[in-house]
Amino acid sequence: MARTTDVVFAGGGVIGLAGAWEAAQRGLSVRVVDPAPGRGAAWVAAGMLAPVTEVSFGEDELAHLFAAAAARWPGFASRLEAATGWDTGFRACGSVAVALDASDRAEIDQILEFHHRLGLDASRLTPSECRALVPALSPSVRGGAMMPGDHQVDNRAFLLALIDGCVRAGVELNRDRVVSVSLDHAGSAAGVVTDGGEIFLAGSVVLAAGVDTPRVGGLPEGVVPPVRPVKGHVVRLHAGAREAAFPHPVRGLVHGRHCYLVPRADGSVVVGATSEERGYDTTVQAGAVHSLLDDARLLVPALDEWELVECIAGLRPGSPDNAPFVGPTAVPRLAVATGHYRNGFLLTPLTAESLAAYLATGTVPPPLDAFPADRHLPAARAGSEP
Ligand SMILES: Cc1cc2nc3c(=O)[nH]c(=O)nc-3n(C[C@H](O)[C@H](O)[C@H](O)COP(=O)(O)OP(=O)(O)OC[C@H]3O[C@@H](n4cnc5c(N)ncnc54)[C@H](O)[C@@H]3O)c2cc1C
């Protein structure tokens with residue numbers, strides 16, 4: 001049996017790793033158990049940090065949560081970079097939204113209105129202003145908007161920095177699959193059990209296994225919030241020796257379909273993403289890749305010449321109201337951190353900070369306290385004992 005820690009995380013994706021790192025910063029002893037840390041949905045993601053463009057009309061409360069999350073990014077990235085020496089690829093570069101036809105243009109105008117209603121900065125762009133900002137854009141682009149608050153992080157560099165940060169902060173990393181939560185005689189969480197039969201005891205257990213969170217065993221019904229897998233394909237292209245001409249991420253509307261192109265410092269671009277309800281299937285499908293490439297090359301015709309370096313699919317942990325589940329459950333000493341859906345990166349600093357605060361004090365601070373982890377469960381409200 002391994003040494004007891006203050007907290008054990010079942011799952012070391014972007015949420016588990018960042019939560020573990022923040023908890024270790026507060027002086028807690030921390031263990032992360034994951035067969036492949038950082039290789040879940042987070043490895044596939046594009047790393048857009050888009051507080052408002054990701055919100056639908058009517059989701060004002062969510063928009064405020066996302067804005068609070070975005071505000072934490074610069075500080076979190078610089079602390080992690082200072083602790084590890086890594087460049088996480090966080091860039092406060094703003095994004096350009098572009099429209100390919102008149103109805104796409106009208107949709108962007110509506111998004112602009114929503115931005116302005118929330119008091120956020122965003123401005124309309126003419127077609128030539130769009131091309132001045134992103135020279136690679138097609139002459140067919142009908143106009144767009146500058147979204148100065150939508151930034152990006154290099155998802156993979158950030159994950160590698162988090163793993164390094166955890167190791168430097170003394171977090172124990174165990175490459176095992178958690179099969180169940182171990183409960184003590186009083187029904188409180190006491191640790192996790194791995195597929196190898198090992199038990200890792202801890203003062204608190206945090207389930208942070210993305211879409212697999214509800215599949216961890218050993219718990220009564222109605223404790224783990226409902227999370228569903230939402231499949232997303234992305235493709236990665238590389239400019240090779242060509243001029244990339246891509247200073248900002250581009251969010252395109254292509255005859256009503258959404259598409260984004262996120263440039264990386266190494267001359268590659270991430271094109272995404274599909275959104276499909278297909279259960280736990282992560283196979284890469286030709287039709288999805290075809291439609292992503294089709295839309296991307298309508299926005300940036302020069303992509304035809306770029307090298308296709310990767311096609312990959314992952315599963316976003318979706319929640320019924322598109323908000324995450326972070327905090328205590330009905331089982332004492334058991335917390336969850338999942339359901340981050342399309343915005344796991346955007347929400348990472350806020351989630352990590354809130355989890356660490358909860359583990360240290362027993363209280364989830366605002367603004368995440370407005371989204372209790374049991375809000376979609378029929379059972380009584382969860383206790384707050386970490
Ligand atoms: C195509 C696509 C594009 C995306 N683009 C963006 C974007 O631009 N911006 C943004 O903010 N978000 C984006 N996301 C969403 C983001 O990736 C997720 O919200 C985020 O990864 C969720 O983090 P997580 O740690 O909860 O889950 P994951 O990243 O999936 O990590 C879960 C971890 O749990 C581990 N695990 C699973 N089962 C077990 C077990 N039984 N025991 C131990 N460990 C286990 C896995 O190995 C994995 O490491 C995108 C997602 C996809 C799929």
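Predicted model: local features only at pLDDT ≥ 70, side-chain atom pairs only at ≥ 80, totals over all residues.
Residues are numbered from 1 along each chain as its sequence is written, and side-chain values use heavy atoms, with hydrogens and water left out.

**The ligand shell**

The ligand is surrounded by 38 residues, a residue being near when one of its heavy atoms lies within 4 Å of the molecule. The closest are Asp 34, Ala 41, Met 48, Tyr 341 and Arg 342.

| Residue (backbone atom) | Distance to a ligand oxygen atom |
|---|---|
| Gly 344 | 3.1 Å |
| Phe 345 | 2.9 Å |

Taken alone, the ligand exposes 1000 Å², and the protein buries 96% of that (Shrake-Rupley areas with a 1.4 Å probe). By residue class, the shell holds 20 nonpolar, 12 polar and 6 charged residues; here Ala, Val, Leu, Ile, Met, Phe, Trp, Tyr, Cys and Pro count as nonpolar, Asp, Glu, Lys and Arg as charged, and the others, Gly among them, as polar.

Elements that each supply at least two shell residues include α1 (14–25) and β12 (228–238); helices (H or I, at least four residues) and strands (E, at least two) are DSSP runs numbered from the N terminus. Domain 1 (1–91 + 150–226 + 320–386) and domain 2 (95–148 + 229–318) each give the shell at least three residues, with bounds from an automatic or database domain assignment.

**The nonpolar core**

The largest nonpolar core has 63 residues, and Phe 9, Val 14, Val 30, Leu 65, Phe 158, Leu 162 and Val 206 touch the most other members. Such a core is a set of buried Ala, Val, Leu, Ile, Met, Phe, Trp, Tyr and Cys residues joined through side-chain atoms within 4.5 Å. Helix α1 brings the largest share, 8 residues, and both domains contribute at least three residues each.

**Two residues to look up**

Ser 268 sits in strand β15 (residues 268–272). At 11% relative accessible area Ser 268 is buried, where buried means under 20%, exposed over 50% and partly exposed in between (1.4 Å probe, protein chains only). Its side chain makes a polar contact of 2.6 Å with that of Asp 266.

Pro 226 belongs to the loop between β11 (199–207) and β12, and is partly exposed at 34%. Its C-alpha atom is 6.5 Å from that of Ser 319, 93 residues apart along the chain.

Definitions and conventions
Polar contact = N/O pair within 3.5 Å; in protein donor to acceptor, adjacent residues only side chain to side chain.
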